[in-house]
Amino acid sequence: MEPAEEQDAGNHTLLTEFVLSGLSSRPELQHLLFFTICLVYSMTLIGNLLICMVTVHPTLHTPMYFFLRVLSLLDISTASVVVPKMLVTILSEDRSISYLGCVTQLYCVVFLAATEWYLLAAMAYDRYVAVCRPLRYAAIMNTRACLSLVLLSCCSGKVVSVVQTAWVFTLSLCGPRRINYFFCDIPPLLLLSCADTSLYERQLVSATVLVIFTPFCLILLSYACILSSILRISSAESRHKTFSTCSSHLTVVTLYCASGTLIYLQPKSSNSQDTKKILALIYTTVIPTLNPLIYSLRNKEVTEVLIRVM
């Protein structure tokens, strides 16, 4: 399929279509990658749909499980934005993606990732109130407050996504049209720019700090207060139950923070694109699969309801 290209006055090739290189260019790995990614994607859908189904059970009508249900929906959306197109590029000879398709994919990925980060901060706040302010928990974390936190997370994610996507695609992307990645993301798109991107790179670092490190610091502060309260609990069983619930959330936060910062803090760093592909695969595909396992296997209430439902 021949790319649709136009020439501008500066004698640069304006890109109206991109070609995704995929995860690997080695032909002998394509079928293995296809079936592996299919399996992981199926586990993501099944696991997160089960979490959504289980958390509507009457015994789990609490803010923690409401946030967990929203997190599962975001995980399904993130994987669905990236994985189907990735599967097509693995087996198909036509690996092209239209300019509009690339814009849409980048917007969705950034929106979902940013929203998820703010939601994780909201979940940490919920745990803080539950452990440190138990007598006022029902009054503070009422239905209106929970919905407001989710709406605020979505609005914040939308603002970040609009700004980042608009900024990337106002850069002069003039070739080559091949994106050495398996989806449209900021770091590989910057490599296609024929203009100076230093200003945008500084802006991206600022956005990464705002989207990742600010919620991460709030999460750490919440857990510092939680840990202090846990140590004052006299019952060993209560301490273990509280710590187990909070450690599940902290595990997810650590996985997101490690992969996200390594990708976006240095978008044009010396790290190889293959390394960033692996990190992006973890971020968009593996972590959404692990979330249901982390929360269900480490949470006795979810496990009991899941067994009852099944």
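The side chain of Ser153 gets to within 2.8 Å of the backbone oxygen of Leu149, a polar contact if you take the cut-off as a pair of N or O atoms within 3.5 Å, where within protein one must be able to donate a hydrogen and the other to accept it, and residues adjacent in sequence count only if both atoms are side-chain atoms. Keep in mind that this is a predicted model: local features need pLDDT of at least 70, side-chain atom pairs count only at pLDDT 80 or more, and totals for chains, interfaces and linings use all residues. Residues are numbered from 1 along each chain as its sequence is written, and side-chain values use heavy atoms, with hydrogens and water left out.

**The chain overall**

- The chain has 10 helices and 5 strands; these are DSSP runs numbered from the N terminus, with helices being H or I of at least four residues and strands E of at least two.
- Of the 310 residues in the chain, 48% are buried, where buried means under 20% relative accessible area, exposed over 50% and partly exposed in between (1.4 Å probe, protein chains only).
- Take the contacts (heavy atoms within 4.5 Å) with a separation of 6 or more: 78% of them are between residues 24 or more positions apart.

**Around Ser153**

- Ser153 sits in helix 5, which covers residues 143–170.
- With a relative accessible area of 4%, Ser153 is buried.
- If you skip its neighbours within four places in sequence, Ser153 touches Thr115, Tyr118 and Leu119.

- In general, strands of a sheet pair through backbone hydrogen bonds, either parallel or antiparallel.
- Strand 3 (residues 17–20) runs antiparallel to strand 4 (residues 96–98), and 3 bridges join them.
- Across that pairing, Glu17 has Ser98 as its bridge partner, and Val19 stands opposite Ser96.
- With strand 5 (residues 178–179), strand 3 pairs in the parallel sense over 2 bridges, and Leu20 stands opposite Ile179.
- Both faces of strand 3 are covered: Glu17 and Val19 are buried on one side, Phe18 and Leu20 on the other.

- Phe182 is in the loop between strand 5 and helix 6 (186–190).
- Its relative accessibility is 0%, so Phe182 counts as buried.
- Leaving out neighbours within four places in sequence, the contacts of Phe182 are Leu20, Gly22, Leu23, Val82, Met86, Lys277, Ala280, Leu281 and Thr284.
- Lys277 is 95 residues from Phe182 along the chain, yet their C-alpha atoms are separated by 7.5 Å.

**Cavities**

- Searching the whole structure turns up 4 cavities of 30 Å³ or more; on a 1 Å grid over the protein atoms alone, a cavity is a set of points where a 1.4 Å probe fits but cannot get out, and lining residues have an atom within 4 Å of a point.
- The largest cavity holds about 200 Å³ of space, the volume being the space filled by probe spheres set on the grid points, which are joined across faces, edges and corners.
- Its lining has 16 residues, and the closest to its centre are Val110, Val160, Thr208, Val211 and Tyr264.
- Helix 3 (99–132), helix 5 and helix 7 (198–231) are the elements that each give two or more residues to that lining.
- The lining of the largest cavity divides into 13 nonpolar, 2 polar and 1 charged, where Ala, Val, Leu, Ile, Met, Phe, Trp, Tyr, Cys and Pro count as nonpolar, Asp, Glu, Lys and Arg as charged, and the others, Gly among them, as polar.

Key:
Pairing = 2+ DSSP bridges. 1 Å grid on protein atoms, 1.4 Å probe; cavity = no way out; pocket = protein on both sides within 12 Å on 5 of 7 lines; lining within 4 Å.
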